[in-house]
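Q: Hi! Could you walk me through a few local features of this one? I'll hop between topics as we go.

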Amino acid sequence: MRVIISAGGTGGHIYPALAIINKIKEKEPNSEFLYIGTHNRMEKDIVPKFNIPFKQIEIYGFNRKSLTKNFKTLKCFYNSYKECKKIINEFKPDLVIGVGGYVTAPVIYAAHKLNVKTFIHEQNSVAGVSNRFLSKYTDLIGVSFKSSIKDFPKNKTIFTGNPCSENAIKAEAISKREFGLSEDKKLVLFVMGSLGSSKMNDFLIKTMSGFKNKDYEVLFVTGSNSFEEVSKNKFPTNVKVVPYIDNMIKIMKKTDLIVSRAGASTISEIIALNLPSILIPSPYVPNNHQYKNALDLIDNNACVLIEEKNLEGDILIRNIDELLNDKNKIENIKKNLNSLQVNDSATIIYNSIRKLVDGEKYD
């Protein structure tokens, strides 16, 4: 299979795209890929490391605060659309896939105009702007949450789950000793995204002193942008601070409780691993979609949710202690997570797009 794939902006779009690529490679080793991403976002650094051919286009998202800046956005969209048509004509793909982010809009739209079959995937429980636009022009849509099916045309939307779930299950665990942690003590993992959150980090810095003399350990992932400033502080000996962990799933497999944002890929990994969590959705994302992602777990009694606006005092420490010391509550959360699992998501996506390319009816 010859595939052009596009996703960008955040790891929540990029890593599901890579998971789809890996599944296609597993099923059809002779497949060829071309990744189209932005010229100034993280995919330009991540994707080439996997030896995937990469082409970049200049494209920007719409600015909700400055309408004048959107004239440039529209011009870039048109130029990118023309460039993508040229790329598609040269590569001659069997299929073009979009996995979220505004970079996918000109790619999928160009493929539609050239009568190339297309598939888009929505990771969040609330459809993004680009996927809402593209839903009119794509052949098939996959969604991670059943609750988001209503956002798309029913006749071409399927529930697939998030393709990162299969990677989570197959990944090998890492030794906690690599982070200076004990294999015998419970571990609480704090992670607020690949870049981190300065406001959250300010609160967490104050919180960390409260873990002194606890019988569990804490691994605090600050985000690469915040590590230098955070590391200037003094923390208890049972708190370890790192800027970033490549392939976070390796340590999640050794984690007893994770405190994190509510990005779609993180939630898919939490579900796949039956990992108890305290979710603190970012209030700074479009359509408050992280909060709505978290609601899918809350509605199934599968996590603890604390909104950022309610973070004060020792609220996190109290919730962590309550969870770690309540075996029945932990087991109940794990049982409810298990009921939400879609552990073959990438396989479901592969089988569906294979049928799409072959002109068969997809499931």
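Q: Let's start with D202: what does its relative accessibility make it count as?
A: D202 counts as partly exposed, at 48% relative accessibility. This is a predicted model, by the way. D202 sits in helix α7, which covers residues 198-208.

Q: And how far is D202 from S226 in space?
A: The C-alpha atoms of D202 and S226 are 9.9 Å apart, while the two residues are 24 apart in sequence.

Q: Switching to salt bridges. How many does the count come to?
A: The count comes to 15 salt bridges. One of them joins the side chains of E26 and K23, at 3.1 Å from N to O.

Q: Where do E26 and K23 sit relative to each other in helix α1?
A: They are three residues apart in helix α1 (residues 11-27), so about one helical turn separates them. K23 is buried, with a relative accessible area of 5%, whereas E26 is partly exposed at 45%.

Q: Nice. Which parts does the pair K254 and E183 tie together?
A: First the contact: the side chains of K254 and E183 form a salt bridge of 3.2 Å, N to O. K254 lies in the loop between α9 and β11 (257-260), and E183 in the loop between α6 (164-170) and β8 (187-191), so the bridge ties together parts that are 71 residues apart in sequence.

Q: Are K254 and E183 buried or exposed, or in between?
A: In between. K254 counts as partly exposed at 27% relative accessibility, and E183 is partly exposed with a relative accessible area of 26%.

Q: What about E229, which residue does it form a salt bridge with?
A: With K232, where the closest N and O atoms are 3.4 Å apart. E229 is exposed, with a relative accessible area of 55%, and K232 is exposed too, at 60%.

Q: Which residues do salt bridges with shared partners join into one network?
A: K23, E26, E166 and K170 are joined into one network that way.

Q: Pockets next. How much space lies in the second largest pocket?
A: About 370 Å³. Its lining has 21 residues, and S144, F159, I271, L340 and V342 lie nearest the centre.

Q: How do the lining residues divide by type?
A: The lining of the second largest pocket has nine nonpolar residues, 10 polar and two charged.

Q: Which element gives the most to the lining?
A: α10, with five residues. Both α10 (264-273) and α11 (289-298) supply at least two lining residues each.

Q: Tell me about α10 then. How many of its residues are buried?
A: Eight of its 10 residues are buried, so α10 is largely enclosed by the rest of the structure. Among the buried ones are I267, E269 and I271.

Q: And what follows α10?
A: N274, whose phi is positive, near 55°. N274 is a residue other than glycine, and its place is in the loop between α10 and β12 (277-279). It is partly exposed, with a relative accessible area of 21%.

Q: Last one: what is the phi of K92?
A: About 55°, a positive value although K92 is not a glycine. K92 lies in the loop between α3 (69-91) and β4 (95-98), and it is exposed, with a relative accessible area of 59%.

Note on methods: Residues numbered from 1 in each chain as written. Predicted model: local features only at pLDDT ≥ 70, side-chain atom pairs only at ≥ 80, totals over all residues. Heavy atoms only, no water. 1 Å grid on protein atoms, 1.4 Å probe; cavity = no way out; pocket = protein on both sides within 12 Å on 5 of 7 lines; lining within 4 Å. Points joined across faces, edges and corners; volume = space filled by probe spheres on them. Helix = DSSP H or I, 4+ residues; strand = E, 2+ residues; numbered from the N terminus. Nonpolar A, V, L, I, M, F, W, Y, C, P; charged D, E, K, R; others polar. Buried < 20%, exposed > 50% of the residue type's maximum accessible area, 1.4 Å probe, protein only. Salt bridge = Lys/Arg side-chain N within 4 Å of Asp/Glu carboxyl O.
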